[in-house]
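Open the model in your viewer and keep the selection panel at hand.

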Amino acid sequence: MHSAAAIAPSANTFLAGACILFFVLGFYQILSGKYWGKVKSILPAELEQKRIEIAVRHNQLVGVLLLAFFGALFSCVTLLRHGPRFSMVLAMVLLLCAEFYAIRRLFKYDEQMCEQWGFMCPHCHKPLYQPRSFINLNGRCPKCQKSILTDAIRSSV
Ligand SMILES: [Zn+2]
């Protein structure tokens with residue numbers, strides 16, 4: 001009992017530190033979405049607008065996901081601290097599964113946003129948005145690597 005009480009504060013400090021680190025990373029994601037929006041893009045304004053809107057929505061959702069995940073993680077640790085160890089492990093595994101599912105849903109949602117706003121490749125008809133793709137710098141489809149620029153410019157003229 002005594003040793004458990006001595007370990008608890010350092011474990012909590014570690015968890016709090018890990019949470020702060022991940023929050024910073026989460027907000028860095030949101031900020032970097034805006035940062036990439038400021039980089040001189042070679043895409044036509046209309047496409048660039050769509051790209052930024054999807055990127056900002058994506059980054060906001062990632063931020064919400066991270067908040068929810070670490071909120072849930074923290075509540076689990078607090079609630080199950082005195083329970084049997086397997087219940088903690090089970091909660092962690094469930095949380096990780098939920099997080100993976102949420103991330104899969106997020107990528108599906110990215111594709112839905114692309115379809116909704118017509119941010120699609122004119123060659124392979126796949127969604128053009130990918131987190132961390134450089135479409136605004138090279139104007140190439142992240143899937144088939146063909147340039148989308150000539151077609152986009154031709155259709156807008
Ligand atoms: Zn393509």
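Select H2 and H3 together. On the H2 side, Lys50, Ile54, Arg57, His58, Leu61, Leu65, Phe69, Ala72, Leu73, Cys76 and Leu80 meet Ser87, Met88, Ala91, Leu95, Glu99, Ala102, Leu106, Asp110, Met113, Cys114 and Trp117 of H3. Contact here is between C-beta atoms, placed from the backbone, that lie within 7 Å. Colour the contact of H2 with H3 by class: 16 residues are nonpolar, two polar and four charged. Nonpolar covers Ala, Val, Leu, Ile, Met, Phe, Trp, Tyr, Cys and Pro; charged covers Asp, Glu, Lys and Arg; the others, Gly among them, are polar.

This is a predicted model, in which local features need pLDDT of at least 70, side-chain atom pairs count only at pLDDT 80 or more, and totals for chains, interfaces and linings use all residues. Residues are numbered from 1 along each chain as its sequence is written.

Now draw the axes. Those of H2 (residues 45-80) and H3 come within 10 Å and cross at roughly 170°. Axes are lines fitted to C-alpha atoms, for helices over the stretch in contact, with angles from 0 to 180 degrees between N-to-C directions. H2 is therefore roughly antiparallel to H3, a label for angles over 145 degrees.

Stay on H3, residues 85-117. Its 33 residues should span 48 Å at 1.5 Å a residue, and the end C-alpha atoms are 48 Å apart, so the two agree. The expected span is 1.5 Å times one less than the number of residues. Step just past H3: Gly118 has a positive phi of about 70°.

Zoom out. The protein has five helices and zero strands; helices are DSSP runs of H or I, at least four residues, and strands runs of E, at least two, numbered from the N terminus.

Go to Leu25 in helix H1 (residues 2-38). Leu25 is exposed, because 11 other C-beta atoms lie within 10 Å. The cut-offs are 12 or fewer for exposed and 20 or more for buried, with partly exposed in between.

Next, show buried residues, 11% of the 157 in the protein. The largest nonpolar core has 12 residues, including Leu43, Ile54, Cys114, Phe119 and Ile148. Such a core joins buried Ala, Val, Leu, Ile, Met, Phe, Trp, Tyr and Cys through C-beta atoms within 7 Å. H2 gives the largest share, three residues.

Finish at Cys121. Beyond residues up to four places away in sequence, Cys121 touches Lys126, Leu128, Cys141, Lys143, Cys144 and Ile148.

Methods: Parallel < 35°, antiparallel > 145°, perpendicular 65-115°, else oblique. Contact = placed C-beta atoms within 7 Å.
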